[in-house]
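Colleague: I would like to learn how to read a model of this kind. Please start with confidence.

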Amino acid sequence: MLKTILVAVDASDQRNAVLLQAVEMTRCCGAELHLASVYDLNQLWETKVPEPAPDIFDSLEAETRKLLEDARQQVHEWGILTQCHFLEGPVIEQITSLAGQIGADLIIMGHRHASRLRRLLANSAAKGLIDQSPCSVMIVRDGKTTADA
């Protein structure tokens with residue numbers, strides 16, 4: 001039985017599907033729901049911006065905090081109270097660490113569709129969580145096939 005569910009919130013197109021799945025599972029199991037969003041400066045370096053303006057750091061942090069707050073409000077509108085966690089650092093490390101701290105039984109996250117080339121070049125948060133998580137991981141897809149993406 002699931003007692004604690006952790007949702008990794010990001011800006012992906014699957015965010016609403018992920019939140020809906022988490023709310024349904026929370027209701028079915030009577031579980032406690034936690035939302036987490038990670039502010040990861042490595043994302044900035046992946047954009048290959050040579051010398052980012054200082055404002056970009058504040059902008060990325062504000063965007064991450066807003067994603068988390070928007071998710072909290074959406075879940076609250078669906079009748080579920082949640083605990084929110086704003087995390088800083090590498091995504092996989094932060095999510096797995098939080099999962100251990102709160103005793104999560106399940107992590108739920110979305111799946112971003114990527115081209116074959118991008119999959120070869122970029123690290124997958126979903127794969128990293130599956131490999132390193134202290135609990136089960138559920139990947140929510142939005143119904144598109146990789147051919148559609």
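Modeller: pLDDT is the predictor's confidence in each residue, on a scale from 0 to 100. This is a predicted model, where local features need pLDDT of at least 70, side-chain atom pairs count only at pLDDT 80 or more, and totals for chains, interfaces and linings use all residues. Residues are numbered from 1 along each chain as its sequence is written, and side-chain values use heavy atoms, without hydrogens and water.

Colleague: Over which residues does pLDDT stay under 50?

Modeller: A contact means heavy atoms within 4.5 Å. Residues 117-121 stay under 50, with 2 contacts beyond four places in sequence. Residues 145-149 also stay under 50, with 5 such contacts. Where pLDDT is low, the predicted coordinates should not be read in detail. The protein averages a pLDDT of 83.

Colleague: At what angle do helix α4 and helix α6 pack?

Modeller: Helices are DSSP runs (H or I, at least four residues), as are strands (E, at least two), numbered from the N terminus. Axes are lines fitted to C-alpha atoms, for helices over the stretch in contact, with angles from 0 to 180 degrees between N-to-C directions. Helix α4 (residues 91-102) and helix α6 (residues 125-132) pack at about 40 degrees, their axes 9 Å apart. Val 91 and Ile 92 are among the α4 residues in this contact, and Leu 129 is one of those in α6.

Colleague: How many aromatic pairs are there?

Modeller: Rings of Phe, Tyr and Trp (its six-membered ring) pair if their centres lie within 6.5 Å; planes under 30 degrees apart count as stacked, over 60 as edge-to-face and the rest as tilted. The count is 1 aromatic pair. The ring centres of Tyr 39 and Phe 86 are 6.3 Å apart and their planes are at 20 degrees, so the pair is stacked.
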